[in-house]
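Subject: A structure for you to look at

Hi there,

Here is the structure I promised to pass on. Please open it alongside this message, and then read on for what turned up.

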Amino acid sequence: MKATKLKENIYWVGAIDWNVRNFHGYRTGRGTTYGAYLIMDEKVTLIDTVKAPFAEEMLSRISDIIAPEKIDIVISNHVELDHSGSLPAIRKLCPNASIYTSGPAGVKGLTAHFGTDSYIPVKSGDSISIGRRTLNFVSTPMLHWPDNMVTYCPEEKILFSNDAFGQHFASTERFDDEAYLPVILEEAKKYYGNIIMCYGRQAQTAWNTVNSLDIDMIAPSHGIIWRKNIRDIMEAYALWSGNEPSTGAVVVYDSMWNSTDAMAKTISEAFCDSGIPTRLYDLKSNHYSDIVPDILTCKYIAVGSPTLNSQMLPSVASFLCYLKGLSPKNREAFAFGSYGWGGQSIELVEKELEACGFRICMDKIRIQYIPSAEQLREIYTTIRNMLK
Ligand code: FEO
């Protein structure tokens with residue numbers, strides 16, 4: 001397999017995972033890539049590796065440039081196995097290679113995964129010379145593991161950003177000017193929302209650091225490499241990490257016999273008629289990770305569930321559990337739903353919305369059995385009034 005040249009003597013030697021559709025709960029509809037980068041300098045350097053089942057693909061791409069046994073230095077920006085999984089394969093071929101990782105978190109993580117080795121810890125401000133080039137390390141803890149760091153090569157103005165600025169996007173194209181920008185920005189937003197949103201404060205700190213660097217290429221370890229639209233992705237990260245809601249609304253629900261469905265559609269119409277861009281998601285048809293990008297930038301969230309066995313529907317519980325973990329906060333929310341008797345689900349949904357850190361902006365809406373046309377009109381009017 002072929003390596004892809006980024007600049008003179010710098011190559012992408014990663015792997016393309018066309019068929020992955022579930023990345024620990026994140027639906028990866030467009031697959032993904034695992035970015036590893038080879039720098040041919042006095043010290044042959046590999047930045048990150050790939051998920052273990054793709055080790056042969058990475059080695060084959062490295063072999064397109066040089067025998068993998070000649071690697072002198074490995075930089076492990078992140079312990080998670082989609083980037084470190086092929087370290088054992090490299091170590092086997094290169095028993096004397098120096099492996100740099102963040103300290104102490106990276107050393108601890110790699111040791112836990114692969115056993116004791118002579119890992120060399122580095123921290124923000126540290127740098128190494130690999131010959132004509134320098135590699136500077138910037139710690140980015142909790143983006144999204146404690147060990148995360150990024151590596152910057154000032155002579156080439158390349159930032160090897162690992163998970164940051166990445167997208168789950170499998171393609172034969174490697175660069176942003178070869179791909180359709182709206183699609184990769186959409187995937188970058190989905191990636192940020194599902195992986196990084198809960199670490200917005202750390203993302204802002206990292207953004208400030210990265211923004212101070214002279215960069216003409218951002219080479220993440222998932223998806224497309226940014227070289228033409230760096231300003232677009234930097235501006236997007238500034239917006240997303242600010243966690244400032246826009247004016248949009250997201251209505252998420254599941255329904256048993258279409259009563260909660262009718263309420264959801266009425267709520268959606270009321271938002272829309274108030275001039276608020278609105279998205280409606282039935283959890284029977286939509287994966288929760290596909291809803292998150294809209295939550296990232298919305299102002300209002302309405303979540304509905306009928307009552308089943310005194311509980312909310314499991315699909316709604318699962319969505320709210322996932323959302324609580326992502327911790328979007330700083331948004332207005334309310335609960336709604338129909339019920340036959342009891343009707344406990346609506347209050348349970350409201351409690352979960354509060355636990356997500358949302359402000360409850362309206363009394364929960366409960367309708368027994370089937371909402372009448374008049375009741376739907378009432379819901380519509382109540383929401384229009386709330387939005388005035
Ligand atoms: Fe792509 Fe946190 O690993």
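Let me start with a question: does Glu350 count as buried or exposed, and why? This is a predicted model, and in it Glu350 has a relative accessibility of 12%. Buried means under 20%, so Glu350 counts as buried. You will find Glu350 in helix H11, which covers residues 344-355. Setting aside the neighbours within four places in sequence, Glu350 is in contact with Ala335, Ile360, Met362 and Lys364.

Glu187 is another one to look at. Glu187 belongs to helix H5 and is buried, with a relative accessible area of 7%. Again leaving out neighbours within four places in sequence, its contacts are Tyr26, Arg30, Gln167, His168 and Phe169.

Now for the overall picture. The protein chain holds 12 helices and 24 strands, and its C-alpha trace spans about 75 × 40 × 35 Å along the principal axes. Of the 388 residues, 56% are buried. If you take the contacts between residues at least 6 apart in sequence, 71% of them join residues at least 24 apart. The accessible surface comes to about 16000 Å², and carbon and sulfur atoms account for 51% of that. As for charge, there are 38 positive and 44 negative charges, and their mean positions are 1 Å apart.

The aromatic rings deserve a tour of their own. The count comes to 11 aromatic pairs. One of them joins Tyr37 and Phe160, a tilted pair with 5.3 Å from centre to centre and 55° between the planes. This pair links distant parts of the chain: Tyr37 is in strand E7 (residues 37-39) and Phe160 in strand E15 (residues 158-162), 123 residues apart. Both Tyr37 and Phe160 are buried.

Another pair is made by Phe165 and Tyr237. Their ring centres are 4.4 Å apart and their planes lie at 40°, so this pair is tilted. Phe165 sits in the loop between E15 and helix H5 (181-196), while Tyr237 is in helix H7 (residues 230-241), so the pair ties together parts that are 72 residues apart in sequence. Phe165 is buried, with a relative accessible area of 4%, and Tyr237 also counts as buried, at 4% relative accessibility. Ring pairs then link Phe165 and Tyr237 with Tyr192 and Trp240 into a cluster.

Arg174 lies over the face of Trp12, 4.1 Å from the ring centre. Arg227 has its charged end over the ring of Phe175, at 3.8 Å from the centre of that ring.

Best wishes

Notes. Residues are numbered from 1 along each chain as its sequence is written. This is a predicted model: local features need pLDDT of at least 70, side-chain atom pairs count only at pLDDT 80 or more; totals for chains, interfaces and linings use all residues. Side-chain values use heavy atoms; hydrogens and water are left out. Helices (H or I, at least four residues) and strands (E, at least two) are DSSP runs, numbered from the N terminus. Buried means under 20% relative accessible area, exposed over 50%, partly exposed in between (1.4 Å probe, protein chains only). Contact means heavy atoms within 4.5 Å. Accessible areas come from the Shrake-Rupley method with a 1.4 Å probe; for residues, only the protein chains shown count as cover. Lys and Arg count as positive and Asp and Glu as negative; His and the chain ends are not counted. The place of a charge is taken as NZ of Lys, CZ of Arg, CG of Asp or CD of Glu. Rings of Phe, Tyr and Trp (its six-membered ring) pair if their centres lie within 6.5 Å; planes under 30 degrees apart count as stacked, over 60 as edge-to-face and the rest as tilted. A charge sits over a ring if NZ of Lys or CZ of Arg is within 6 Å of the ring centre and within 35 degrees of the ring normal.
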